[in-house]
Every structure is written in structure tokens, then in C-alpha cells.
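Here are my notes on the model you sent. They cover the pockets and then the aromatic contacts.

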Amino acid sequence: MLDYLRAECYKMLHRSYLWIALLIVGGLELVLVLLWAWLNGDAVNMTASAGFTMVLYLLSAGYYATAITSDIVFSDQYKCNTLKNEVACGLPRSRIYLGKLFASCLLSIGACAVLLGWYALLCALLLPGDGAALEALKVLGFALLCAFPVWLGSQAFYLFCFFSIRGNTAATIVSVCIIALFGQMLTFLSLLVSLPAPALADALLAVRGLLLTTPLENITDAIWDWSRVGWAWAVGAGWCVGTTALGLWCFRRREIS
């Protein structure tokens with residue numbers, strides 16, 4: 001398993017796609033912080049601590065960034081027939097699936113650390129301090145503690161879709177639509193049935209609470225609410241275990257052609 005994981009990590013680190021994506025996002029972070037620094041004055045007062053806390057409003061981007069890391073690791077396995085070759089060579093399917101899942105999780109964690117570290121460095125160097133940077137970092141740390149498990153849950157879900165749907169583009173579109181729209185659909189349906197069937201509306205909202213995106217909603221109003229952390233970890237762990245188990249079951253039974 002470790003040898004297969006090393007091979008997966010070697011492949012993904014040698015894909016130009018990864019480094020181009022990091023350069024683009026890092027460049028956008030630089031442009032954003034430079035814009036704040038340039039606009040600072042009487043009307044705008046963007047300090048380093050305010051820059052740190054702005055990340056709280058961008059946490060939902062992690063749900064879609066994991067689609068990119070999944071795409072980097074899966075790397076058109078059906079199109080290039082590499083998945084078929086791995087199965088034909090006798091590699092256990094569980095090793096193939098879990099190896100790619102672990103590699104994508106490691107890639108997500110590493111890319112997140114690099115981009116957040118780069119952003120924090122830019123804020124510290126280019127924006128004025130106000131003595132509240134340490135407190136802002138604590139708030140950001142709490143928010144990331146909530147975001148981390150649901151991001152990993154979305155990573156596991158994307159890998160399930162990539163293994164289940166032929167074609168990276170189709171898998172990405174389907175999985176992104178489910179993550180982005182399913183919660184809104186449940187909210188809309190609960191409003192429709194709230195008067196004729198309040199029990200059904202409550203059930204729909206309860207299901208919505210189990211979605212990956214729900215624990216991060218209004219996170220700025222839940223800072224230091226540790227029940228939110230427990231909720232996020234329960235939801236993220238449930239999606240990781242559930243989608244991985246289902247993905248392994250499906251992958252073991254399907255014909256790879």
C-alpha cells in the first residue's frame with residue numbers, strides 16, 4: 001500500500017496541472033492583498049487581522065477546490081486506460097481506490113497549507129498591524145477546525161464520483177452540482193411542504209443538516225461554539241466512511257473496460 005501511495009504522490013507532484021493551479025491561486029491572493037494595501041486610507045482600513053478573518057467568508061471554496069485535487073490525482077484514468085491496466089496487472093482494487101483517496105487527501109492538505117501560509121505572509125507583510133493579529137489567527141484556526149473534516153468528506157465524495165462516472169468532466173459536473181445545489185433544493189422543498197406537512201418539512205431540514213455544506217453556514221456567528229466543531233467532524237467522518245465504503249463496493253463489482 002505504501003509503495004502504491006508513493007507512486008501516486010510521485011505522479012501527482014510531476015503534473016504541471018498542480019503547479020499551474022497553485023501559481024494561479026497564489027497570484028490571485030497576491031493581487032487581492034495588493035489591492036487592499038493600495039486602497040487603504042481614510043475610507044478603507046484593511047489591517048492584517050482583518051485580512052486573516054476574511055478567510056472565513058471563503059471557506060466554502062474548499063468544497064470545490066477538492067474537485068481540482070481529485071482531478072489531479074485521478075488524471076483521466078479511464079481515458080488513458082491506466083485504471084484498466086492497474087486492474088489487469090492484479091493490483092487489489094481496494095489498494096487502487098484507497099491509494100488514490102489517501103493521495104488526494106494529502107495533496108489537499110498540502111495545497112491548503114501552502115496557499116493559506118502564502119496568504120498569511122502577504123497579509124503580515126503588506127497590510128498594517130493593529131495588535132489583533134493573534135486573536136484573528138485563533139478565530140481562523142477555530143473556523144479551519146470546522147472546515148477541515150467537511151473538506152475531507154467532500155474529497156472522499158469526489159473520488160467516489162470519479163471512480164463511478166466515466167470521464168473526469170462529467171464526474172466533476174455531477175459532484176459539484178450535488179454539493180452546491182442539493183442543500184438549496186431541500187430548503188426549498190421544506191418551505192413548500194411546511195404548511196400542509198410540517199413533519200415532512202422538519203425531516204427535510206434534518207436531512208439537510210447532514211450535508212457537507214451545512215456545518216460551515218454562518219460560521220462567523222458560531223465562533224467558539226464547540227458543538228459546531230463536533231457537528232462538522234461527525235458529518236465529515238460520516239461522508240468519508242460512507243462514500244468510501246460505497247465506492248469500494250461499487251468498484252469491486254464493476255467491469256473496467
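How many nonpolar, polar and charged residues does the lining of the largest pocket have?

1. The model is predicted, and the points below should be read with that in mind. By class, 24 nonpolar, four polar and one charged residues make up the lining of the largest pocket.

2. That pocket has a volume of about 860 Å³. Its lining comprises 29 residues, and V25, G62, A65, C112 and L115 are the ones nearest the centre. Four helices, α2 (16-39), α4 (61-74), α6 (93-126) and α7 (133-164), each contribute at least two residues to this lining.

3. For the second largest pocket, the volume is about 280 Å³. Its lining has 18 residues, with S60, Y63, T213, L216 and E217 nearest the centre. The elements giving two or more residues to this lining are α4 and α8 (168-193). Of the elements, α8 gives the most, with five residues.

4. The lining of the second largest pocket divides by class into ten nonpolar, six polar and two charged residues.

5. Turning to the rings, the structure holds twelve aromatic pairs. One of them joins Y63 and Y64, with 6.5 Å between centres and 75 degrees between the planes, and this pair is edge-to-face. Y63 is buried, at 2% relative accessible area. Y64 counts as partly exposed, at 32% relative accessibility. Note that Y63 is also among the residues nearest the centre of the second largest pocket.

6. A further pair is F148 with W233. The ring centres of F148 and W233 are 6.0 Å apart and the planes stand at 45 degrees, so this pair is classed as tilted. Because F148 belongs to helix α7 and W233 to helix α10 (residues 226-253), the pair ties together parts that lie 85 residues apart in sequence. F148 is partly exposed, with 30% relative accessible area. W233 is likewise partly exposed, at 38% relative accessibility.

7. Which residues form one aromatic cluster? The members are F74, Y97, F162, F163 and F251. F251 has a further contact: the charged end of R93 sits over the ring of F251, 5.3 Å from the ring centre.

Notes: Residues are numbered from 1 along each chain as its sequence is written. This is a predicted model: local features need pLDDT of at least 70, side-chain atom pairs count only at pLDDT 80 or more; totals for chains, interfaces and linings use all residues. Side-chain values use heavy atoms; hydrogens and water are left out. On a 1 Å grid over the protein atoms alone, a cavity is a set of points where a 1.4 Å probe fits but cannot get out, and a pocket is an open set with protein on both sides within 12 Å along at least five of seven lines; lining residues have an atom within 4 Å of a point. Grid points are joined across faces, edges and corners, and a volume is the space filled by probe spheres set on the points. Ala, Val, Leu, Ile, Met, Phe, Trp, Tyr, Cys and Pro count as nonpolar, Asp, Glu, Lys and Arg as charged, and the others, Gly among them, as polar. Rings of Phe, Tyr and Trp (its six-membered ring) pair if their centres lie within 6.5 Å; planes under 30 degrees apart count as stacked, over 60 as edge-to-face and the rest as tilted. Buried means under 20% relative accessible area, exposed over 50%, partly exposed in between (1.4 Å probe, protein chains only). A charge sits over a ring if NZ of Lys or CZ of Arg is within 6 Å of the ring centre and within 35 degrees of the ring normal.
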